[in-house]
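Biologist: Could you take a close look at one part of this model for me, the helix packing and what surrounds the ligand? Start with whatever the record marks out, then work your way there.

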Amino acid sequence: MNIRRKVMGLQLLIFILVLVPLTLLVDHQVRDLYVDHLIDELNEESEKLRQLPVDDQQHHLQSIIADLAEVSVRDYLLLDQRGKVVISTLPAEITEELLDRDVVQRVLQGVTGTSTHPPSGMEDLFYFNAGPIKGTEGEVHGALLLFASMEPVNKALTEFRLMMGLLGTGALMLAAWLLYAMAGQMVAPLLKMKDVTGHLANRNYRVRVEVGGEDEVGQLSKSINELATRLQHHEERQQDFLADVTHELRTPLSYLQGYSQVLEENWVQDEEERKRYLALIVRETRRLKRLVSELTELSEIDADGLKVERVKTDFAEIVRLTEAKLLPAAEEKGIRLRVERRTAGSLLVIGDPDRLEQVLFNLLTNAISHTAEGEQIVLRYRVEKKELHVQVQDTGAGIPASDLPHIFDRFYRVEKSRNRERGGMGLGLAIAKGIIDRHGGQIWVESIEGSGTTFSFTLPLA
Ligand SMILES: Nc1ncnc2c1ncn2[C@@H]1O[C@H](COP(=O)(O)OP(=O)(O)O)[C@@H](O)[C@H]1O
Ligand SMILES: [Mg+2]
């Protein structure tokens, strides 16, 4: 069942639940009110008539009633003290039937009575008032009965019911129409969203939902659009990544092809030069190997499959190992590598020692390759607010401000051609960031072109 139909059904139910009892209640109230009023009028009239001065024969009253009957909607029955009919405006058989009633018998004994029980065949006559006519001494001279017709009430009630019916149907139809339109308006964006998500499922990420308003539906369309943007971005990045990978593979491969061809065709006579070509082949092969292993690592980080061990590790030990590995390279370049531990005590972090060592290794090799002879690199670490803070600071070439926001992107290199000579493929920082992210830390960079770079990261302490 669609939403529209549900809304309409609900509306109908509410209408029935509210309108029907309401109509019945009003109907009942109107009737009661009218009847009360009628009873009062009847009582009053009867009282007045019975107080008129009478003689034995009631001639006076008789002629008044005869006159009254001409103009009144009521019926009158006047009896003498023995219960004989003096004047009756009712049909004879009904008068007969009435005379048998207790209330008529009692009224002749001086008791006032009323009845709502209509005589048979005159269902419209619903009420009568029976009152004794008394003389000055209290003796009963006769009885006067007044009958009110229910017909005007019934007519009014029929009209009222008809009107309520018409009004109710009108209101129902108007509300139905409004609801139908409103439900349509509410459903339309949902249908559009269904459309858009269908496109997204088919990998068409350019579609967007028109966002209308700040309500729940509007928020949902916003979320869907965000999702679409992210998917689109993701797809684009994937395509870029694939293009980068292909490019990075192609370059060393064509070098390899070229160099080996030279050797194969014996164009080089000189042994020295032959060795130079072989060295180039080895270099490119190494590059390829590194590229493949870095890519493997990246894909593991991506697939959440990065095997990050979670063990308590002494960070100072990781620093010592990395320092030992990189000191020769730094010395060879004439760079001073200094380690500053700023906090005493335990520096236990929970994480994967190999991966963390790799982060330090990537940052330090970058620093070494971008720092000139005679300069220095400082690796500083300390505990601050229950976190480990690590800084790798160099006084090297620095990074242009326009490159800084992209520095952690995959395959992002400042001055691609220059860096290729140094062997970088732009994956080192992306991997470092991936590892730090997975450890629940943060990594960032500050750099001033020409005067140096500082990479910082934090790690939660164990
Ligand atoms: N300490 C540094 N000083 C100057 N430039 C740096 C430094 N570290 C990284 N970079 C720049 O950031 C780029 C990305 O670094 P990275 O992801 O390690 O890739 P790679 O080292 O493979 O080129 C490098 O190409 C380099 O231009
Ligand atoms: Mg690097």
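Modeller: UniProt, in an unreviewed entry, puts a "domain: HAMP" feature at residues 184-236. Bear in mind that this is a predicted model. In it, that span is 74% helix and 0% strand, and its end C-alpha atoms sit 37 Å apart.

Now for the helix pair. Helix α8 covers residues 315-332 and helix α9 covers residues 353-369; their axes come within 9 Å and cross at roughly 30°. Angles under 35 degrees count as roughly parallel, so α8 is roughly parallel to α9. As for handedness, the crossing of α8 and α9 is right-handed.

Which residues do the touching? On the α8 side you'll find Ile-318, Val-319, Leu-321, Thr-322, Lys-325, Leu-326, Ala-329 and Ala-330. They meet Pro-353, Leu-356, Glu-357, Leu-360, Phe-361, Leu-364, Thr-365 and Ile-368 in α9. Sort the α8–α9 contact by class and you get 12 nonpolar, two polar and two charged residues.

Helix α9 turns up again at the ligand. Ligand 1 is surrounded by 22 residues, with Asn-366, Val-414, Gly-424, Gly-428 and Leu-429 the closest. The elements giving two or more residues to that shell are α9 and α11, the latter spanning 428-438. By class, the shell around ligand 1 splits into 10 nonpolar, 10 polar and two charged residues. So much for the ligand; to recap α9, this helix packs against α8 through residues such as Leu-360 and Phe-361, and α9 also contributes to the shell around ligand 1.

Notes. Residues are numbered from 1 along each chain as its sequence is written. Chains are lettered from A and ligands numbered from 1 in the order in which they are written. This is a predicted model: local features need pLDDT of at least 70, side-chain atom pairs count only at pLDDT 80 or more; totals for chains, interfaces and linings use all residues. UniProt positions are given in the numbering used here, feature names are shortened, and annotations may be inferred rather than shown by experiment. Helices (H or I, at least four residues) and strands (E, at least two) are DSSP runs, numbered from the N terminus. Axes are lines fitted to C-alpha atoms, for helices over the stretch in contact, and angles run from 0 to 180 degrees between N-to-C directions. Angles under 35 degrees count as roughly parallel, over 145 as roughly antiparallel, 65 to 115 as roughly perpendicular and the rest as oblique. A crossing is left-handed if the near helix is turned anticlockwise from the far one by less than a right angle, and right-handed if clockwise. Two residues are in contact if their C-beta atoms, placed from the backbone, lie within 7 Å. Ala, Val, Leu, Ile, Met, Phe, Trp, Tyr, Cys and Pro count as nonpolar, Asp, Glu, Lys and Arg as charged, and the others, Gly among them, as polar. A residue is near a molecule or strand if its C-beta atom, placed from the backbone, lies within 6 Å of it.
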